[in-house]
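Hello,

Here is the structure we talked about handing over. My notes on it follow below.

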Amino acid sequence: MKCPYCGDEIENGVRFCPGCGKSVSGKAPESHAGKPVRKPSGTNPTQAKSGPKPKSPSVKLFSIDAMLKQMKRDAVKNGKTDPEGVLARMEQGIREAAVRLGRDAACINIINAGRMNHGKSSLLNSLMDSDVFKVNDVRETVVNRRVKYRDSIFFTDTPGLEANAEDDSEAFNIYSSANFILFVHTLRIGELHSEEISYLKRLCKIFPRDYLKTHMAIALTFVDSYKPDEIQAIREKIKDALASELGMDNIRFFEVSNSRYKKYQEETSEKKKQAFLKGSGICEIREFITKQAPVWQSENRALRRGQFKFCKEKCKEIAASLSPPLNARLKAFRNVYGQVNAIEQKLSDSSSAIDAATARLNGLRARLAALKRQWNEERY
């Protein structure tokens with residue numbers, strides 16, 4: 001049979017297309033001239049009837065880059081006319097950065113990544129032991145959604161990669177705050193898709209490769225549908241792709257079955273419950289998170305200190321860009337001040353001359369009055 005969305009050949013009974021990752025278990029769209037109608041990537045088949053769903057508020061964490069960009073815009077726009085105001089706003093921004101970075105240092109952020117319908121949201125629901133994140137055959141996650149796991153640990157569900165440019169950007173906005181990334185890949189696709197390789201290369205631009213190797217894991221989903229040797233074969237192909245395409249080796253892998261965890265939740269027999277729980281692979285991830293949490297917390301504090309130092313250095317550079325207009329204004333002020341002093345000196349000098357002339361005039365007037373009196377006396 002063919003995928004009703006992309007037209008690729010797929011095996012009977014497969015729920016998701018290996019080519020586009022969309023669900024093919026529902027009703028296929030109407031075709032024209034015997035060919036299936038291809039829908040653009042990220043299109044929700046239900047939107048034609050119900051319209052687009054309103055987006056819920058996305059996760060907005062503090063971003064040093066965003067703050068510095070705003071400061072630079074402010075300096076360019078107002079640096080010549082109001083440099084003192086720009087500096088005052090920068091000082092306020094640095095104080096706010098100290099508070100918010102301190103707050104972020106206490107939080108551990110575990111973020112999922114991967115293509116649509118690969119089991120990302122289901123994995124987080126299993127880890128949470130609750131249906132917190134929406135799961136459906138159609139695309140549900142369109143913005144980053146952050147939920148507290150326990151203590152100071154948070155899970156963030158991101159939109160499926162390559163869904164569309166807007167949602168792709170939405171997902172990447174959150175990665176800079178990640179302490180750990182769970183890259184989810186379904187075994188039903190086989191080895192890594194080219195889009196997944198491209199996505200991982202973009203992640204390598206955010207994090208140094210050595211850092212990403214120890215702060216990312218590949219979570220293989222739907223392991224219940226494959227034999228151990230089949231899983232191992234796919235796993236080796238993925239490892240080879242990561243080594244050849246990204247220069248990354250020794251990546252951690254988790255093998256997960258969300259359906260087994262669901263059975264664990266529903267099963268009443270304690271023996272079967274434990275068997276389903278063990279087979280789900282969820283406990284392994286939970287134990288890893290518990291073990292690594294203190295390490296991530298320590299890294300967080302060091303990272304935030306580094307970010308704050310970086311912030312201060314960049315602010316100094318922005319402030320230095322304001323010095324030419326500040327120096328020009330200071331020079332103009334000094335020129336005017338000098339002119340005022342010169343005028344005051346002239347006025348002072350003139351005032352002294354006027355006082356001396358007035359004294360002479362008064363003396364002459366007194367002498368004239370005395371001579372006049374003498375003349376009158378001698379006359380009579």
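Aspartate 210 and lysine 213 both belong to helix 7 (residues 209-214), where they sit 3 residues apart, about one turn of the helix. Please keep in mind that this is a predicted model. The side chains of aspartate 210 and lysine 213 form a salt bridge, at 3.7 Å from N to O. Aspartate 210 is exposed, because its relative accessibility of 58% is over the 50% cut-off. Lysine 213 is partly exposed, with a relative accessible area of 22%. The pair also belongs to a network of salt bridges that links Asp210, Lys213 and Asp249.

Another salt bridge joins the side chains of aspartate 74 and arginine 89, at 2.6 Å from N to O. This one links distant parts of the chain, with aspartate 74 in helix 2 (residues 64-78) and arginine 89 in helix 3 (residues 83-105), 15 residues apart. Aspartate 74 has a relative accessible area of 13%, so it counts as buried, whereas arginine 89 is partly exposed at 40%. In the whole structure, the search finds 11 salt bridges.

Next, strand 3. Is strand 3 enclosed by the rest of the structure or open? It is largely enclosed, because 7 of the 7 residues in strand 3 (residues 108-114) are buried. In a regular strand, side chains alternate between the two faces of the sheet. Here Ile108, Ile110, Asn112 and Gly114 point one way, while Asn109, Ile111 and Ala113 point the other way, and all of them are buried.

Strand 3 has these neighbours in the sheet:

- Strand 5 (residues 153-157) runs parallel to strand 3 and is joined to it by 4 bridges. Phenylalanine 155 of strand 5 is the bridge partner of isoleucine 110.
- Strand 6 (residues 180-186) also runs parallel to strand 3, with 5 bridges joining the two. Here alanine 113 has phenylalanine 183 of strand 6 as its bridge partner.

In soluble globular proteins, nonpolar side chains tend to be buried together. In this model the largest nonpolar core has 29 residues, of which Tyr175, Ile181 and Met216 touch the most other members. At least two residues of this core come from each of strand 3, helix 5 (165-175), strand 6, helix 6 (194-206), strand 7 (216-221) and helix 8 (228-246). Helix 8 gives the most, with 6 residues. Apart from this core lies another, of 27 residues, including Tyr149, Phe180, Leu182 and Ile285.

Which residues does tyrosine 175 touch, not counting those up to four places away in sequence? They are Ile111, Asn112, Ala113, Thr158, Ile181, Tyr199, Leu203, Ile206 and Phe207. Among these contacts of tyrosine 175, Ile111, Asn112 and Ala113 are buried residues of strand 3.

Regards

Notes: Residues are numbered from 1 along each chain as its sequence is written. This is a predicted model: local features need pLDDT of at least 70, side-chain atom pairs count only at pLDDT 80 or more; totals for chains, interfaces and linings use all residues. Side-chain values use heavy atoms; hydrogens and water are left out. Buried means under 20% relative accessible area, exposed over 50%, partly exposed in between (1.4 Å probe, protein chains only). Two strands pair if DSSP finds at least two bridges between them. A nonpolar core is a set of buried Ala, Val, Leu, Ile, Met, Phe, Trp, Tyr and Cys residues joined through side-chain atoms within 4.5 Å. Contact means heavy atoms within 4.5 Å. A salt bridge is a side-chain nitrogen of Lys or Arg within 4 Å of a carboxyl oxygen of Asp or Glu.
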